[in-house]
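Thank you for making the time this morning.

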Amino acid sequence: MSRTDAVESSESTSEMNVVTAVKETLGQEMRRDEQVRLLGYDVGPIGGVYRATEGLYEEFGPERVIDAPLSENGILGTAVGMAMRGERVVVEIQFMGFFYPAFGQFMYTLVKTFERSGGGLEVPLTIRLPYGGGIKASEYHSESTETYLAHTPGVRVVCPSTPAETKGVLAASIRDPDPVVVMEPKNQYRGAREPVPEAEYTLSLDEARLVREGSDVTVLTWGAMVPEAEIAAEEVDADVEIVDLRTLSPLDVEAVLDSVKKTGRCVILHEARRTLGLGAELSALVNEYALDRLRAPVKRATGYDVHMPGHEIEEFYLPDAERAGHAIEAVMNYEF
Amino acid sequence: MSQWTEQRPAEDFHRILAPDGSLDGEPPDLSAEDLCHLYRSLVLTRAFEDKTLRLQRRGELSIAARSRGEEAVALGSAAALSADDWCFPSYRQTAALAVWDAPLDRAMATLMGLEPETVDEHLPVESPPEVNFTPTYVPLAVNVTNAVGSAMADRFSDRETVTLSYIGEGSTSQGDFHEALNFAGVYDAPAVTVVQNNQWAISVPAHQQTAAETFAVKGAAHGVPHERVDGNDVLAVYEATKEAVERARAGNGPGLIECVTYRMVEHNTADEPSVYRDESEREYWAERDPLDRFEAYLREAGHLDDGAIEEIETEATERVDDAVRRAREVPASAPERMFDHHLHTESWTERHQRSELRAELDGRNPFTDFTGEGLDGEDTASKEGRVGGDEDGSDSTATDGGTTQADEGTAREEGVATWDGGERR
């Protein structure tokens, strides 16, 4: 498990939020490697609906920052074809809830080409996928449906949680020879700023990040829930360890098991619906490999098994520090 | 009897060879050698596919899908490509592989269901075809979208390479077909798409796929120039494709070609056409067979005689038999090979599941790990295999194209060849 932020080792930093970190990283990677191309809807002159590609069209032109027709499956299908020919394509899908039309290409070609070509054809493609609620968006704009992706082999699914994490994880994803889905917590896009190294760097796509060390209970979480877990950790009467999974597929199982074996308690915090959410897999792993170390049952603080509600009541759907705190308190108070 | 299941009147298309082999137009500029190579490839294709049927009946192949009577479509169109071009075939285009001399043993081994790594290991590509072939696509229409992406890569990189892909008339009802053509049109991609209209998509006839007058006109909605040709006339198919390919190569964008043919045989060996169609249709189409027609033309032109034909047929049979022999000699894949080539690095999950399978194969209980530390201390492999290069800016790639487990050297040296010998450039 990675224990430190990239920030500490660097001399020169700038204040960035997540969306600035995305923009800086894309520009850096495009300057470093001329085969990096962006393909997506509105990524051109307007700079993306979140302005994550702002200025790149002007710098690199329409053949490297490619505005696509409004067709997610067409975008992913042509991007896979470009990647099969050695281009490093970064696809932007505007919202996770818009990804479903592309599911055909995802299942049939993106995740299968490397395997069914016996390793002969690589698909070095990155999908940037803004996800999650809390921005008062309309329906289909706030979803966390990573389970559909993480259930499928042949693709990495990662989710950075801070500006510095975003830069290192996105750069590593673009350089990785396998397809990577980078889930970007869009409610953090313009959230907290932090100093981010200006130089290029990559972070591991295989390792979780230890956000906070503790001895009583482990909180397993990722993305936009990490700051909620941090608030909860301050408010509860327990020494909380927070593991930011960073990679949802494949999972850093060692990091999960090491932490839970140490604390003996486990709370899983995620935005997605509970049933068959990634928390189900994490809970299963803990039960299979660390049951005799548990001092309480595993609890999952998650969204409910409903469609993402409209923004009038979405705050009651979304887990937060309070829900996480209740879960922590419950497992702390439990006795076998 | 419905001989033409499209809305369009019969035989209203580009044709050079009449069904009896006589000239109905100006033939393309092909040498006697080129023409005989086309003929030889057609004979080879038919011999290969007929062999797959026999092997399927014997249980050596789980399924076989033939292109009998449709061979001229893939043959004439693929022949219009040049070295370094790309081809994204579906499963009824054996003739495209044959005309570019793709290794038949690898194709046969793949049809026998062997893992691609096993095929690579035991039947390595000696001389790859000059045209790059992707593995044959099984899901429908998605190859066309990938092919357009391949063409976009060429255009954006200022390469003069063209990408050809194939789709059946039924699959033009899929969104991917339209999305692909739309992108091809918007970006002027050097992508040529061939619709192999054999008039039956399993049990559904062409007129139930579309109310459009033809399949070719579907290109119009996407601003893609289109043409409709006699798909049983290899010269017409070649000429139309050549024109589209060279237009694309010159930077003038994509093309769509509908080749009208007929599915003379079952959809595949799991199908029984007599249940849903009047088999007397076949008599009409048998008179339009692409092999008979082309052979008559070549005899008339003085390029072929009985002796040459016999030689070509004997050679085809020998090549197919040799391919079958070589494919049969490939040893069975290790079951653990199923884990190969999902990602470039090995995850905890993969490592554990590999060892579970290994335990099962060894007659041991795979469920005895209650700590996550692995079965019997076996789980010591490859933390070094992790990628990501922490915070040092290094490239996060494993370059051996294989998994990181240290067993039996499964990673191939060549690394980039596809099953039919196409090579990534």
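Predicted model: local features only at pLDDT ≥ 70, side-chain atom pairs only at ≥ 80, totals over all residues.

Residues are numbered from 1 along each chain as its sequence is written, and chains are lettered from A and ligands numbered from 1 in the order in which they are written.

B:Gly223 sits in the loop that links strand 6 (204–205) to strand 7 (226–230) of chain B, where helices (H or I, at least four residues) and strands (E, at least two) are DSSP runs numbered from the N terminus. Its C-alpha lies 8.2 Å from that of B:Val186, although 37 residues separate B:Gly223 and B:Val186 in sequence.

Chain B as a whole has 12 helices and eight strands, and 51% of its 425 residues count as buried. If we take the contacts in chain B between residues at least 6 apart in sequence, 76% of them join residues at least 24 apart, a contact being a pair whose C-beta atoms, placed from the backbone, lie within 7 Å. Chain B is assigned domain 1 (32–328) and domain 2 (335–385), with bounds that come from an automatic or database domain assignment, and the C-alpha centres of these two domains of chain B are 41 Å apart.

For chain A, the assignment gives domain 1 (11–197) and domain 2 (209–333), and their C-alpha centres are 26 Å apart. The contact between them takes 25 residues from domain 1 of chain A and 20 residues from domain 2 of chain A.

Now to the helices, and first to helix 3 (residues 72–84) of chain A, whose 13 residues should span 18 Å at 1.5 Å a residue, which agrees with the 18 Å between its end C-alpha atoms; the expected span is 1.5 Å times one less than the number of residues. Helix 3 of chain A is mostly covered, with 13 of its 13 residues buried, and just after this helix A:Gly86 takes a positive phi of about 95 degrees.

How does helix 3 of chain A pack against helix 7 of chain B, and at what angle? The angle between helix 3 of chain A and helix 7 (residues 175–186) of chain B is about 70 degrees, and their axes are 9 Å apart, the axes being lines fitted to C-alpha atoms, for helices over the stretch in contact, with angles running from 0 to 180 degrees between N-to-C directions. These two helices are therefore roughly perpendicular to each other, given that angles under 35 degrees count as roughly parallel, over 145 as roughly antiparallel, 65 to 115 as roughly perpendicular and the rest as oblique. Helix 3 of chain A contributes A:Asn73, A:Gly74, A:Gly77 and A:Thr78, while the residues from helix 7 of chain B include B:Gly175, B:Asp176 and B:Phe183.

Finally, helix 4 (residues 103–110) of chain A packs against helix 6 (residues 142–156) of chain B at about 85 degrees, with their axes 10 Å apart.

Conventions
Buried ≥ 20, exposed ≤ 12 C-beta atoms within 10 Å, placed from the backbone. Contact = placed C-beta atoms within 7 Å.
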